[in-house]
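Q: I have a structure open and would like to learn how to read its features. Could you walk me through them one at a time?

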Amino acid sequence: QVQLVESGGGLVQAGGSLRLSCAASGRTFSSYHMAWFRQAPGKERELVATITRGSSDDYTDPVKGRFTISRDNAKNTVYLQMNSLKREDTAIYYCAADRTTIWGPPESYDYWGQGTQVTVSS
């Protein structure tokens, strides 16, 4: 069982930066692949970035070069550094964990946080 708690969202101007954090409970964090999803109003939840147990990362095309996912297993935390933010990045951001899924649809992830709102103004 893993409990995930996101933080770090907020209101930022276009071009600005935010760093999201996702703190996980339990002593097996390092055994999970982690992911960040986002969901904008009226849209489906989409996968933004993933990081494997071995810290290999991957990104959806719209955020490549702007977002960086990282993890600190000693702190049971995964991060999403978001730079050069755009209005279209506005969404609720969720972290997710799964033992086997490296890149997949939301239904393939077993554990979810409650989400943190990111709003980018022009």
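Q: How many bridges join E3 to strand E8, and how do the two run?
A: Strands of a sheet pair through backbone hydrogen bonds, either parallel or antiparallel. Two strands count as paired if DSSP finds at least two bridges between them, and the labels come from DSSP runs numbered from the N terminus (helices, H or I, at least four residues; strands, E, at least two). Here six bridges join E3 to strand E8 (residues 77-82), and the two run antiparallel. Arg19 stands opposite Gln81 in E8, and Ala23 has Thr77 in E8 as its bridge partner.

Q: Before we go on, what kind of model is this, and which values of pLDDT are needed?
A: This is a predicted model: local features need pLDDT of at least 70, side-chain atom pairs count only at pLDDT 80 or more, and totals for chains, interfaces and linings use all residues. Residues are numbered from 1 along each chain as its sequence is written, while side-chain values use heavy atoms, with hydrogens and water left out.

Q: In what order do the strands form the open sheet?
A: Four strands form it in the order E1-E3-E8-E7, with antiparallel pairing. Strand E1 (4-7) and strand E7 (67-72) are at the edges with a single partner strand each, so one side of each has no neighbour in the sheet. On average, neighbouring strands of this sheet are turned by 15° against each other, direction ignored; the axes behind that angle are lines fitted to C-alpha atoms (for helices over the stretch in contact), and angles run from 0 to 180 degrees between N-to-C directions. Four bridges join E1 to E3, which run antiparallel, and Leu4 has Ala24 in E3 as its bridge partner.

Q: Is E3 mostly covered or mostly open?
A: Buried means under 20% relative accessible area, exposed means over 50%, and partly exposed lies in between (1.4 Å probe, protein chains only). E3 is mostly covered, with five of its seven residues buried. Cys22 is buried, at a relative accessible area of 0%.

Q: Which residue does a disulfide join to Cys22?
A: A disulfide is a pair of cysteine sulfur atoms within 2.5 Å. By this rule the count is one: Cys22 is joined to Cys95, with S to S at 1.9 Å. The pair links distant parts of the chain, Cys22 in strand E3 (residues 18-24) and Cys95 in strand E9 (residues 91-98), 73 residues apart. The torsion about the S-S bond of Cys22 and Cys95 is about 45°, so the disulfide is right-handed. Cys95 is buried too, with a relative accessible area of 0%.

Q: How many aromatic pairs are there?
A: Rings of Phe, Tyr and Trp (its six-membered ring) pair if their centres lie within 6.5 Å; planes under 30 degrees apart are stacked, over 60 edge-to-face, and the rest tilted. The count comes to five. Among them is the edge-to-face pair of Tyr32 and Tyr111, 5.9 Å centre to centre with 80° between the planes. Tyr32 lies in the loop between E3 and strand E4 (33-39) and Tyr111 in strand E10 (residues 111-112), so this pair ties together parts 79 residues apart in sequence. Phe37 and Tyr109 have ring centres 5.2 Å apart and planes at 80°, so they are edge-to-face; both are buried. Ring pairs link Phe37, Tyr94, Tyr109 and Trp112 into a cluster.

Q: What sits over the ring of Trp112?
A: A charge sits over a ring if NZ of Lys or CZ of Arg is within 6 Å of the ring centre and within 35 degrees of the ring normal. The charged end of Arg45 sits over the ring of Trp112, 4.8 Å from its centre.
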